[in-house]
Amino acid sequence: MTDRRTRKRRTMFERDTELTAVDEALEQLTDPGPEAGGALLAFSGPAGLGKTALLGEVRRRAHSKACTVLAARGGEQEQSQPFHVARQLIQPQLAGTSDEELRSALGSWYSIVGPALGLCAAEQGAPPDPQGLRDGLDWVLTHLVVQRAPVALVLDDAHWADPESLSWLAAFAPRAEHLPLLLVVAYRPDELPSHAEAFRTLPGRAGHRPLSLAPLTAEAVSTLVREAVGDHADDAFCREAWAVTTGNPFEAVELAAKVRDKGLAPVEASSPLLRDLAAAQRGSGLVARLHSLGPSTVRFAWACAVLGTDTPRELAARVAGLGTEEAVDATGRLRDARILSAAAEEAAEEEEGAGLEFVHPLIATAIYRGIPDALRVALHGKAAAAVVDAGLGPSAAARHLLETHPENDPWVVRNLREAAGENLRAGAPEAARRQLARALREPPDFDERAAVLYELGCASLLTEPANTVNHLRAALAEPFEDQALRQGIVIRLAQVLSHSDRLAEASECLAREILHTQDLRGRLRLQSEQFMWDAFNAAEPDSPARSRRLAKLADRLTGRDLTERYVIGLRAWDACLRGEPVDVVLHHAGRVLETGFSWAYEDRGFEVPVLVAMVHMYADRPERAEELFEAGTAEFERQGWRGAHLSFAYSLRAYIRYRRGLLVEAEELARAGLRLAERVGRRTPVHWYAIAILVTTLLARGRVDEAWELAREHEYGEPFPAAVVFPDSQTVYAELLLARGQAKAATAELEAVDRRLSPRGIQNPSWCPWRLHLARAVSAEDPARARELAADAVRRARAFGAASGIGQALRVAAEVASPQDRPGLLEEAVAVLSDSPAGYELALALAALGEERGDPDVLLRAVLAARECGADGLLRTATTALLQAGGVLPRGSAPADGPTPVG
C-alpha cells in the first residue's frame with residue numbers, strides 16, 4: 001500500500017507514553033552506533049481509541065528519520081483474500097520492476113513467493129507448502145529491510161488482516177529486533193485471531209508489552225472541543241461532550257466537527273443536544289444520516305462498503321449503477337458529511353487509480369451492516385462481475401462470490417474454481433478450500449461435480465485430511481466418464497489415507513479400482529501405487545505374495561516410462577528389505593536411474609525416489625545415496641517444500657552420515673530434521689523418522705540419558721506407527737532400553753519386532769538389526785539362543801553382501817560368543833569393516849578386538865577412529881582401555897576421565 005502522508009496533522013492528545021516509546025524505538029533504529037537495532041511495538045485498544053491516528057504519527061516520524069516505510073491495513077471485507085496485507089507491504093517496493101529484474105532480485109524464491117505477492121503468475125506444478133512460502137516471505141522481507149534500512153513496517157487493523165499474512169507476520173515479528181526494522185502493529189484486542197497471539201506477548205528488546213490505549217480524559221476532550229469550536233466553549237458543555245463520547249477520540253473529534261458545522265453554541269444550554277449529535281456518528285444514527293443524503297449517494301456508499309478499502313471510484317460507480325458525474329457528486333456529498341475521507345479523495349485526484357476510503361472503519365462497518373440483507377448479497381454479486389470485467393481476476397472476485405447465495409450459476413462455479421486454482425498454486429490452500437466448498441454449494445453442473453470434489457480434496461489435503469477422504473469418496477460416488485479424473489481421485493485418496501496411517505484402506509481402495517480398470521497403462525499406474533503403500537504397511541497381511549508379484553512384474557518391465565521406473569524402484573527396495581544380494585538390489589536401482597528421476601513430479605509422491613536413494617546406503621554406496629539426496633533436497637527447496645519433505649530429507653541424510661560414522665554431522669542434520677518435523681506435528685510419520693534417527697545418533701555418541709529424555713519429551717514409544725519407518729521405530733526404542741540396562745524390556749520389544757517383520761519376509765540385518773540387539777539382550781540369561789540369533793544374522797548379512805552389515809553382525813556375534821571364538825570373529829569383523837564405509841562400526845570392532853587382545857596398537861586405532869567419528873562415549877572407554885594396556889594417548893587427547901575433545 002503506497003504510504004500517503006496526512007495533509008493536516010491532528011494534535012495527539014494524551015499519547016505521550018506511546019509516542020515516547022515510538023521515539024525511543026526510532027532512535028534505536030537509526031542510531032549509527034553499535035546499539036542500533038530493531039524493535040516490535042504493538043498498540044491495542046477498542047474501536048475509535050486513536051490507533052489509526054497514532055500509526056499515522058508513527059509513519060510521519062519514521063519519514064522524518066529517513067526511514068523506508070512499509071504500510072498496510074487489514075480490511076473487514078478483505079479478510080478472505082489471501083496475502084492481501086503482504087501485498088500491500090511488499091508490492092509497492094517492487095513496483096515498476098521488469099520480470100528479469102524481479103527474477104534477479106528474488107532469485108530462487110521467484111516462483112515460490114511471486115504468485116502469493118501478485119508479482120507473477122503461478123507456474124504449473126505442485127504448489128509450495130505453507131512453511132516453504134513463509135520461509136520465502138521471510139527472505140523477501142529480510143532482503144528488503146537490509147537493502148532499504150532503516151525500515152518501519154506499520155500494520156493497522158491487524159485483527160482484520162488475512163490469516164495468511166497475519167500468521168506469517170506474527171511468526172516473523174521476533175526477528176525485528178535483530179534487523180534494522182521497527183515493526184509496529186495496532187489491533188482491537190477482542191478481535192485479534194489466535195494465530196496472531198505473538199503480538200500480545202512479545203516484549204521486544206525494549207521490554208514493551210503491547211501498549212493499551214486509554215480513553216481520553218475530560219480535560220483532553222475539553223481541549224479538543226475548544227480547538228474545534230473556539231476557546232469560549234464552557235466547561236459544562238465540554239464535560240457533556242466527554243460524557244456522551246466516553247472519551248473515545250474518534251467520537252469526540254466527530255462530535256466537535258458536528259458542533260462546528262451546525263454552528264451550535266458551545267454553552268451549557270446546548271449540552272442536551274450533544275447526545276443526539278453523537279448518536280448520529282454511529283449505528284442507526286449514522287445510517288439515518290446517510291439516507292438523508294439521497295438514494296444515489298446511499299447506493300454509492302453501500303458499494304464502497306461492499307468493495308472495501310482503497311476502492312476505485314469507477315468500480316464503486318459501476319456496482320452502485322451510477323454514471324461518472326453522479327459518482328463524483330456522491331463522493332463530494334459523502335466527503336462533506338465526513339463519511340468518506342477528504343484526504344483520500346484528494347489523493348484520488350492526485351494519483352491515478354488511488355482509491356476511496358471511509359473516514360474510519362467504524363463508519364464502514366456501520367454502513368455495511370446497515371445494507372438490507374438481500375441487497376447486500378446482490379451488491380456482492382454485482383461487485384464480483386465488476387471486478388472480473390475490470391480485469392482484476394477471479395481471485396479478487398472470489399471474496400464477493402463467497403457472500404452470495406447459490407443460484408446454480410456456471411459462471412460462479414467457473415470463477416470460484418479458477419480462483420481456487422490460483423490460490424492453491426500460490427500457497428493458500430485454506431482460501432482455495434473455502435472457494436471450492438462454496439462452488440460445491442452453487443452447485444456445479446452434474447458432470448462437473450466430481451471434478452470440484454476432487455479439487456476440494458486436493459485443497460484440504462494438508463489441513464483437513466479426514467474431510468479430504470470424505471470429499472474424494474464422494475467424488476468417486478458421482479457418475480462421470482472421465483477415467484483419467486477417476487484415476488487421479490483414487491490415487492489422491494490412497495495418498496491421504498496412507499499419510500493418515502490408514503495404509504490398509506489405501507491398498508484396498510487401489511485394489512478395487514484396479515479390478516475395474518481396462519486401460520493397461522492406467523492399471524499399471526494404480527498397481528505401482530498399491531505396491532508402494534503396501535511396502536510401507538507394517539501390518540501387511542501377505543507381504544511375501546506381494547513381493548513375488550512385484551518381482552514378476554518388475555523383472556519384465558523395461559523402464560520405458562515413469563510408472564515402469566517406479567515399479568522397478570519398488571522392486572529394488574523390496575529386494576533390499578528381503579536381503580537379496582546387493583548386486584540384484586543395485587541392478588534394479590541402476591535401471592531406475594538410467595535417466596533423470598525427479599523427486600518433485602507434480603502427480604507423484606517422493607517416496608519411491610527416496611527408497612531408491614536409500615538402497616544405495618544399505619548397499620554400502622553412501623556417497624551415491626548422498627548425491628541423490630542432495631539433488632532431491634535442492635528440488636524440494638526450489639518447489640518451496642520446506643515442511644515434511646525437507647524434514648524427511650534432512651533426517652535421512654543424517655542417517656546416511658550416521659551409517660558412515662560421521663556422527664557430529666549426523667546429529668546436526670537430525671536436529672534440523674526434527675525442527676522441521678515439529679512444524680508438521682508430533683507422532684506424524686516425519687516426526688517418527690526424525691526422533692528415531694536422532695536417538696540412534698545420540699546412542700552412538702554415548703549420550704544415553706539425553707536420548708532417553710528426548711524419547712520421553714516426544715512420547716517416543718508405544719503405540720508405534722502402522723507405517724514402516726527406517727530405522728525401525730520399535731527396534732530403536734529397544735536399543736535405547738538396552739543401553740539403559742533394561743534387557744528384559746528390550747527383549748520384549750525385539751520379540752515383538754520379530755513377530756511383525758519375519759512373517760513379511762523382512763530379513764535383512766543391514767536394514768534392521770533386531771536379531772543382533774536381541775542376541776545382546778538375552779545373552780546373559782540364554783547364551784545359546786544369543787549365539788543362534790547372532791549366527792543367523794551373520795548368515796543373512798553374508799547373503800546380502802554389504803560389508804558394513806557383515807562386519808556389524810560379526811562384531812555382535814563375537815560379543816555373545818564363547819571366549820575361544822571371539823578373537824577370530826573380531827579379526828574378521830575388523831578386516832571386513834576396514835573395506836566398508838561404516839566408520840563407527842569399525843571403531844566399535846577395533847575397540848572390542850583391542851580389549852580382547854589387550855593390544856595397545858589396536859586400541860590406539862580404536863581411539864583415533866572413535867575421535868574421527870565423534871563417538872564420545874566409545875572414545876572414553878577406548879582411551880581407558882588403551883591406558884590400562886600400557887599404551888600412550890595420541891597427541892592432543894585428554895585423559896579418559898576428563899572431557900574428550902572431538903575432532
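Biologist: Why does Arg776 count as partly exposed?

Modeller: Its relative accessibility is 30%, and because buried means under 20% relative accessible area and exposed means over 50%, with partly exposed in between (1.4 Å probe, protein chains only), Arg776 counts as partly exposed. This is a predicted model, in which local features need pLDDT of at least 70 and side-chain atom pairs count only at pLDDT 80 or more, while totals for chains, interfaces and linings use all residues. Residues are numbered from 1 along each chain as its sequence is written, and side-chain values use heavy atoms, with hydrogens and water left out.

Biologist: What makes Glu815 and Arg776 a salt bridge?

Modeller: The closest N and O atoms of Glu815 and Arg776 are 3.3 Å apart, and a salt bridge is a side-chain nitrogen of Lys or Arg within 4 Å of a carboxyl oxygen of Asp or Glu, so the pair qualifies. This pair links distant parts of the chain, with Glu815 in helix α41 (residues 803-816) and Arg776 in helix α39 (residues 770-778), 39 residues apart. Helices, like strands, are DSSP runs numbered from the N terminus (H or I and at least four residues for helices, E and at least two for strands).

Biologist: Why is Asp138 called buried, and what does Asp138 form with Arg175?

Modeller: Asp138 has a relative accessible area of 10%, which falls under the cut-off, and therefore it is buried. Asp138 forms a salt bridge with Arg175, their closest N and O atoms being 3.2 Å apart. The two lie 37 residues apart, Asp138 in helix α6 (residues 130-147) and Arg175 in the loop between α7 (163-172) and β4 (181-187). Arg175, at 38% relative accessibility, counts as partly exposed.

Biologist: How do you know that Lys65 forms a salt bridge with Glu27?

Modeller: The closest N and O atoms of Lys65 and Glu27 are 2.4 Å apart, which is within the salt-bridge limit, so the pair is counted. Lys65 sits in the loop between α2 (51-64) and β2 (68-73), whereas Glu27 sits in helix α1 (residues 16-30). Lys65, with a relative accessible area of 32%, is partly exposed, and Glu27, at 44%, counts as partly exposed too.

Biologist: What makes helix α23 (residues 449-459) mostly covered?

Modeller: Eight of the 11 residues of α23 are buried, including Val452, Leu453 and Leu456. The buried residues of α23 pack against α21 (410-426), α22 (429-441), α24 (465-477) and α25 (483-499), where contact means heavy atoms within 4.5 Å.
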